[in-house]
Amino acid sequence: MKLLNRRNFISQTSFYVGALSLTSLHAGTPTGQNVLEGVQKFLRKVADSDGSFRPGVDPGYLGNSDTAASGIAAPAYAAILCATFGWTLPYPEKTAAFIRSCQKPDGAFYAPTGNMDTDTPLAKLYNTLQSTIILRLLGGTPRYDTMPVIDFFFSGNKFKNIPLYTTSFFPLFFFASEKKMPAYIDQRMREYILEIQKEDGYLRDHVASTYHAAHYFRCTGKPTPKADEMIERVLSDQKDDGSWSIKEPDWDVHACFDALFILRQLGRPNDPRIKRAFEKATDWILTCQNPDGGFGHYPETETSDVDAVYFHVGGLVETGYLQVRENLKNEEILGWGHAMIPEKKYSCLE
C-alpha cells in the first residue's frame, strides 16, 4: 500500500467521494457501493490524527468485543478494510508509527487502551498478531523480534490455557510475518483440535471456536476434519432472520461472519441451501448498518463500532454481495479470512 503523508491526504480529499467509481474499487451492485461509501465515511470519522482509531464516533465510547479489549483492534480492522478495497488510511505513516510504538523489547505489542490486561498471554498474542498484520500492510516491520511471543505458548502446553478461538491466530501470525510455521506447532495444534472436536464438527458447541478450527486448516493447506458435518450444523443453526446469534447477546457476537466463512470455504458454491443462507445473511447484515455509515453488531444496535464494521463488511464479502479490489494480493493475511479464495490452497507450513 502506498503511504500518503497528512498533507497529501488533505489535498486528495476527493479520493473519498470518487474512489468507488474506479474500476479497481468496485462493488457488486449500486447498493453495495453505497455500503462502502458509508464505511469510508465512518472510518474517516473515527480516525485520529496520531494514527490511532477510536472504536466509534463518540470519543467516550469504549468499544465492543475486540475494540473494547484492545486499542490495537480498531486500527487493525481499519487497515484491513482499506487493503481489501484499495483505499488509503487517513494517516498511514502515523498509524505505522503508532503501532511500532506499542512494541516492547520482549517482542510483544501492548495496547495503550482497552479492558484486556496487556500483560496476559492472550493479550500479547492478539496484539502482536494484529500489529504484525498492520505493519505488513503498511510496508513496515516490528522493531523487535516477535517470535518469543509465539515460543512461549509451545514451551509446554500453554497454548491450551487460552481460549479455543485462538487456534488460527498462530498460522495467521506466520503468514503475516512471512515465516513458515514449524511442523511441531502444526502437529500439536491439530491434535488439540481433533481431541476436542465433536461428531457434528463443532468445538464445544461454539461457532467461533469451530470457525477458527476451519480457518486453521485452511491456513495450513490441509483438509478440515468433519467439514460436511460443520456445514450441516451451520445451516441448521441459521435463524429465520438470517443471523447466527446462538448465544445471545454477545458470546457469539461475530457468529454470522464465522458461520459464513465455514459455508464459503468448505461448502459447494452451487448448493442451493448455501445460496439461500447467503441471501438471508446478507439481508440481515444490511439491517445492521447505521446512518453514520458504520455498523452495529445487531440491527437494534445504534452505536456503530469498528469491530462490527469489519466483521459485517467481511461477511458481505463472504456472501458475494461486496467485491474486493481487483488484483488483490496476500488475501490470506487480511483479517480473519474474508478474502480467502475457496478453491485456492494456502499453507504457512515449512
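Biologist: Among contacts in the protein between residues at least 6 apart in sequence, what share joins residues at least 24 apart?
Modeller: The model is predicted. A contact here means heavy atoms within 4.5 Å. Among contacts between residues at least 6 apart in sequence, the share that joins residues at least 24 apart is 72%.

Biologist: How many helices and how many strands does the protein have?
Modeller: The secondary structure of the protein includes 0 strands. Its helices number 15.

Biologist: What percentage of the residues count as buried?
Modeller: A residue is buried if its relative accessible area is under 20%. The protein has 350 residues, and the part of them that counts as buried is 58%.

Biologist: Which residues have the most contacts inside the largest nonpolar core?
Modeller: The largest nonpolar core holds 113 residues. Helix H5 gives the largest share of this core, 11 residues. Those with the most contacts inside the core are Phe170, Phe295 and Trp336.

Biologist: At what angle do helix H5 and helix H7 pack?
Modeller: H5 covers residues 73–85 and H7 covers residues 121–137. H5 passes H7 in a left-handed crossing. Their axes lie 9 Å apart, and the angle is about 35 degrees.

Biologist: How do the residues of the contact of H5 with H7 divide into nonpolar, polar and charged?
Modeller: On the H5 side the contact is made by Ala73, Pro75, Ala76, Tyr77, Ala79, Ile80 and Ala83. H7 brings Tyr126, Gln130, Ile133, Ile134 and Leu137. The residues divide into 11 nonpolar, 1 polar and no charged.

Methods:
Residues are numbered from 1 along each chain as its sequence is written. This is a predicted model: local features need pLDDT of at least 70, side-chain atom pairs count only at pLDDT 80 or more; totals for chains, interfaces and linings use all residues. Side-chain values use heavy atoms; hydrogens and water are left out. Helices (H or I, at least four residues) and strands (E, at least two) are DSSP runs, numbered from the N terminus. Buried means under 20% relative accessible area, exposed over 50%, partly exposed in between (1.4 Å probe, protein chains only). Axes are lines fitted to C-alpha atoms, for helices over the stretch in contact, and angles run from 0 to 180 degrees between N-to-C directions. A crossing is left-handed if the near helix is turned anticlockwise from the far one by less than a right angle, and right-handed if clockwise. Ala, Val, Leu, Ile, Met, Phe, Trp, Tyr, Cys and Pro count as nonpolar, Asp, Glu, Lys and Arg as charged, and the others, Gly among them, as polar. A nonpolar core is a set of buried Ala, Val, Leu, Ile, Met, Phe, Trp, Tyr and Cys residues joined through side-chain atoms within 4.5 Å.
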